[in-house]
Every structure is written in structure tokens, then in C-alpha cells.
Amino acid sequence: MLRESRLGYPDLGFGVGLRSVHFQHILRESPAVDWFEVISENFLDSQGRPRYVLEQIAERYPIVMHGVSLSIGSTDPLDLAYLHKLKRLAEWTQARWISDHLCWTGVAGRNTHDLLPIPLNEETLAHVVARLRIVQDVLERPFVLENPSSYVTFADSTLSEWEFLTRMAEDADCGLLLDVNNIYVSSINHDFDPREYIDAVPHRRIVQFHLAGHTNCGTHCIDTHDGPVIDPVWELYAHARRQTGPVSTLLEWDAAIPEFSVVHAEVLKARRYLTPTAGPESTESVRPNVPLHAPGALVPQRELPAIAAVTAVDRPLAVSNPVSFLVAAAE
Ligand SMILES: [Fe+2]
């Protein structure tokens, strides 16, 4: 039932974003992490050691590919050469799915290496949906789009971000990667209720969560991925999981990265937020419910600690302080 409601996407459990600083540790220790998300661009054109490491890890763990260059919102033509590289890498790693962001990253062939926001209106919705259909036709496998964090809004926007995501996912028939930290960051920067956002998006299309830390600058928040997840974001995650049931959950940590055990322990905190009274969570297994693709490959099993009941705290999450300048975003 839940598999069907997740569009066929499996619940992989609790994963960690693969970062090169942890390569040696992972190969040596085979830590008991459920799955890894890899940044697609780090492996598209690489050979040698990065490819060797990815091959080793893909033999031991489920892999999901997360991209930063699709530029689905750009007016440039879709980069078909890039899409075909993605497709080949996904076939090679047997990636469970491929994701990217609702954003644009460049125009006229120039890549800004930033995840830039788009105006949210009927014209951009039709543009993104049409391109998503092409992307999925080319990739011939599940595709998932993530809500970005943002620091500006547009006078031309006529839809809320959650309205846009809902219609986009339904019209393009794609999955959603809900980054709960991004929702929180944007809710501070643009003064909206993050729970209204979470309540409104189509839960059956959410196939992955992202969690991360951010930097609160007092007047605004920046999505820096440089620390642990703060309590209000955990509470939003719990709020979302009560509505979605089991969904693959991934922690991103991209700056001031600590040793692997610290990053892994951070994502496992998510278990504390899966309460017995949380509806669909009550029967959840945190183990991946799909077999590893490589015969004989083994993810070490582990005992699970008792799940602590956590009471979600109702508190105002948004402040009235829309930001009117652009900041480079880490995603
Ligand atoms: Fe994210």
C-alpha cells in the first residue's frame, strides 16, 4: 500500500550524503548506514579513484543520485548530453532514483553554480512541467524534484511555492524531494507558515526527505549545511512524517564536515521523531525494504535503540522579515 502511495519508490530508511572526506572510512568500516545519496556531477565525468569508490559503495549500499545542474527552470534548451550522462551513471550505479532542484542554474550556456529561484506563476509552471516530461522520457526512470531554499521572491509570482510544487508534481507526474530545512529557511526569509506548506503538498508524491543544518543570521537564514539539524526543523520533519508515513530520509552536511559517525548519528536522531502515535509510522521498519542490487552484497545489520517519544512543540516559526537580496545558496 505505502509503496503504491510513494509512486513505487521504496523507503530506503535513513541515509547520508556521500562526501569525499568520508571515502576511506566508508570503504574500511562499511558503516551500518541504510543508503547513500551521491552528487551526480561529482561522478559524471570522473574516472580513477572517484569511480572506484562509487563502484565499491554501490555494491554495498542502495544509491540515489542528486544533481545540481539540470536547470529545469532555465530558458536554455535542456542539456541532452548531460541527461544521457545521468542516465548512464544511474544504470551503472543502479540508482533508485534521480533528483534535482526546482531552480535555474544558468542561461546562455553559462553555469552560475547557484540554485537560483524562479518566479512562481502559470507561465513558469507550464515551462517546468513540459521540461520535466522530457527529462523523464530521456532518463526512463523515476525523477524527483526538490524544493530549494530561497532568499528572494518575485513580483511576477502568483502562486505559493507549495501550490506550484503540487501542480507541478501532478501535471508532470514526478516525485517530490521535500527538504524540510529548506522549507524552514524559506519560511523565515519570506514569512510564511512552514506547516501550511507541509500540509498542502501532495504527500503521496513525497519520496524523499532532506534534513540539514543552516545558519541563522538574525534577520534571515542561510542554507549552509554546516551543522546539526535544529529542533524546529526536527519538529517540522515529525509533522511531515505523521502525514507521509515511511519515506526515505537523508542528511546533508556540506561544510565543516565532522567525522562520519557524527553525521550518521545526526540522521539517526530522526527515529526519535517517529512516535507510536504518529499514524502511519507506528508500523514502520527503518530497514530498507528493497534488496541490494548486488548479489551477496551486505549492509551490516544493527540493533535499533528504543524510539523516544517526542512531543511536537507548537511555536511560531516564521518572523516577519522578508529578505530582498541574493545570497549564494548551498543545497
Ligand atoms: Fe536539500
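Val-180, Asn-181, Ile-183 and Tyr-184 of helix H8 are in contact with Pro-232, Val-233, Leu-236, Tyr-237 and Ala-240 of helix H10; two residues are in contact if their C-beta atoms, placed from the backbone, lie within 7 Å. By class, this contact of H8 with H10 has eight nonpolar residues, one polar and no charged. Ala, Val, Leu, Ile, Met, Phe, Trp, Tyr, Cys and Pro count as nonpolar, Asp, Glu, Lys and Arg as charged, and the others, Gly among them, as polar. Helices (H or I, at least four residues) and strands (E, at least two) are DSSP runs, numbered from the N terminus.

The model is a predicted one, in which local features need pLDDT of at least 70 and side-chain atom pairs count only at pLDDT 80 or more, while totals for chains, interfaces and linings use all residues. Residue numbers start from 1 along each chain as its sequence is written.

Two packed helices are described by the angle between their axes and the distance between the axes. Axes are lines fitted to C-alpha atoms, for helices over the stretch in contact, and angles run from 0 to 180 degrees between N-to-C directions. The two helix pairs are set out below.

| Helix pair | Axes come within | Crossing angle |
|---|---|---|
| H8 (residues 180-190) and H10 (residues 231-244) | 9 Å | roughly 120 degrees |
| H5 (residues 80-93) and H6 (residues 122-139) | 9 Å | roughly 45 degrees |

The angle of H8 and H10 makes H8 oblique to H10, and H5 and H6 are likewise oblique to each other. Angles under 35 degrees count as roughly parallel, over 145 as roughly antiparallel, 65 to 115 as roughly perpendicular and the rest as oblique. The crossing of H8 and H10 is right-handed, and that of H5 and H6 is right-handed; this term applies if the near helix is turned clockwise from the far one by less than a right angle, and left-handed if anticlockwise.

On the H5 side, Leu-80, Leu-83, Leu-86 and Lys-87 meet Val-135, Val-138 and Leu-139 of H6. This contact has six nonpolar residues, no polar and one charged.

The strands E1-E2-E3-E4-E7-E8-E9-E12 form a closed barrel of eight, with parallel pairing. From one strand to the next the twist averages 30 degrees. Strands pair if DSSP finds at least two bridges between them; E1 (residues 14-17) and E2 (residues 35-39) do so in the parallel sense over three bridges. Phe-36 in E2 is the bridge partner of Val-16. H5 packs on the sheet and touches strands E3 (63-66) and E4 (98-101), its direction making about 165 degrees with that of E3.
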